[in-house]
Amino acid sequence: EILPHRRRRKNQATEIAEGEQNEQLPLDASNRLTTISSALPANSIQRLLTTYLSLSKPRLSFLIVLTTTAAYSVYPVPALLSVTATTTPSLSTLTLLFLTTGTFLTCASANAFNMLFEPQYDAKMSRTRNRPLVRGLISKRGALLFAIATGIVGTGALYAGVNPTTAFLAAVNIGIYAGIYTPLKRISVVNTWIGAIVGGIPPLMGWTAAAGQCAIGDGGWKELLFGDAAAGGWLLAALLFAWQFPHFNALSWSIRTEYKNAGYRMLCWVNPAMNGRVALRYSILMFPICIGLAYVGTVEQAFVPLSSVANGWVLWRAVQFWRFEGQKGSARALFWASVWHLPLVLVLAMVLKKGLWERVWRAAMGRGEEDE
């Protein structure tokens, strides 16, 4: 029989191992696509397409496209753009198509560059060791050509089908993500703040895409980024910037040991106490940002109390994350709260867009807009 003190140690070790296993988050889409791709015939078109799709980090790219189109939808369109006085004003569907396509392609380019620069470090982490370059499913030359091609085509689509300002923001985002954030991950914890900037730019792209169709001047970058109606776009960008800290800090905590072994300078292991404090601070910051959206007239006043419920949920989880230092399931709880929080708040903003329900009511009642 095992002696009592050794039995206790064994039970404690088992509990710790089970606890760490429960904290692990599911693998991302790139890992799953790579697994599918490796099982396909070597020279098949399906394998090639699946490999390139995994190189683009499709789930992350799709999320970024959603934040971009949400900002495009929330933009307060002047009533003068409506076809008749009783229809809800809308923006160009063709512009939206160019916006979504261009945004996805530029995201794919940035993600491919990111994978291209660090396969030797990705191999040291469970969440990234199954990526296509690590597995050798694609050559570095092939990945480089894919990154360049998607970057050029995506930026070109935004330039031709949306406006130069939106295309410029997309190109800058590729440069920041691939050229600054990626190498900085091995140098300083500041990389998290740089990465948050990358996440905040797409809503600004959606806003400038919509603003370009409503411009009363030359539609230059000054008017689109710093005009009278630009405040809403910057607030949406600030919301995405703040959201990423509770989301990523909780995500990174579950794999903090792997980040350390791979040499990535992340708060989750460099300064665990600060990791929790930062997540908590930016969870609080989302309250005034949402209030600001109503104050500048982007959304209706009802958005404030409704968004506060979603923000309060994340704040509660962030307090637990900070208090328990990621233990007792607090990291996983904060991560999933942040995952659900973002679409809830963005959908609320679209549903409570300023003036939307007033125009719908007038259309339903058969009332036209009043003459000037």
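The exercises below work through a predicted model of one protein chain.

**Exercise 1. Describe the overall make-up of the protein: how many helices and strands are there, and what share of the residues is buried?**

Step 1. The secondary structure consists of 18 helices and zero strands.
Step 2. The protein has 372 residues, and 49% of them are buried.
Step 3. Take the contacts between residues at least 6 apart in sequence: 76% of these join residues at least 24 apart.

**Exercise 2. State where UniProt places the feature "transmembrane region", and give the helix content of residues 191-212 and 279-298.**

Step 1. The unreviewed UniProt entry places this feature at residues 60-81, 93-117, 138-160, 166-184, 191-212, 224-243, 279-298 and 333-352.
Step 2. Residues 191-212 are 100% helix and 0% strand, with 32 Å between the end C-alpha atoms.
Step 3. Residues 279-298 are 85% helix and 0% strand, with end C-alpha atoms 26 Å apart.

**Exercise 3. Find which residues touch the most other members of the largest nonpolar core, and list the contacts of F303.**

Step 1. The largest nonpolar core has 90 residues, and L55, Y259 and F303 touch the most other members.
Step 2. Beyond its neighbours within four places in sequence, F303 contacts C290, L293, S308, V345, L348, A349 and L352.

**Exercise 4. Count the aromatic pairs and classify the pair Y52 and F146.**

Step 1. The count is 14 aromatic pairs.
Step 2. The ring centres of Y52 and F146 are 5.0 Å apart and the planes are at 20°; planes under 30 degrees apart count as stacked, so this pair is stacked.
Step 3. Y52 belongs to helix α3 (residues 45-55) and F146 to helix α8 (residues 140-161), so the pair links distant parts of the chain, 94 residues apart.
Step 4. Y52 is partly exposed at 24% relative accessible area, whereas F146 is buried at 16%.
Step 5. F335 and W336 make an edge-to-face pair, with centres 5.1 Å apart and 75° between the planes. F335 is buried at 10% relative accessible area, while W336 is partly exposed at 33%.

**Exercise 5. Name the cluster that contains Y264, and say which charged residues lie over Y264 and W253.**

Step 1. Y121, F248, Y259 and Y264 are linked into a cluster by ring pairs.
Step 2. R186 lies over the face of Y264, 6.0 Å from the ring centre.
Step 3. The charged end of R256 sits over the ring of W253, at 3.7 Å from its centre.

**Exercise 6. Locate V189 and identify what V189 touches.**

Step 1. V189 is in the loop between α9 (164-184) and α10 (191-214).
Step 2. V189 has 19% relative accessibility, so V189 counts as buried.
Step 3. Not counting residues up to four places away in sequence, V189 touches R265, M266, L267 and V270.
Step 4. For M266, the C-alpha atom is 5.2 Å from that of V189, although the two residues are 77 residues apart along the chain.

Technical notes
Residues numbered from 1 in each chain as written. Predicted model: local features only at pLDDT ≥ 70, side-chain atom pairs only at ≥ 80, totals over all residues. Heavy atoms only, no water. Core = buried A, V, L, I, M, F, W, Y, C linked by side-chain atoms within 4.5 Å. Buried < 20%, exposed > 50% of the residue type's maximum accessible area, 1.4 Å probe, protein only. Contact = heavy atoms within 4.5 Å. Phe/Tyr/Trp six-rings, centres within 6.5 Å; stacked < 30°, edge-to-face > 60°. Helix = DSSP H or I, 4+ residues; strand = E, 2+ residues; numbered from the N terminus. Lys NZ or Arg CZ within 6 Å of the ring centre and 35° of its normal. UniProt positions renumbered as here; feature names shortened; annotations may be inferred.
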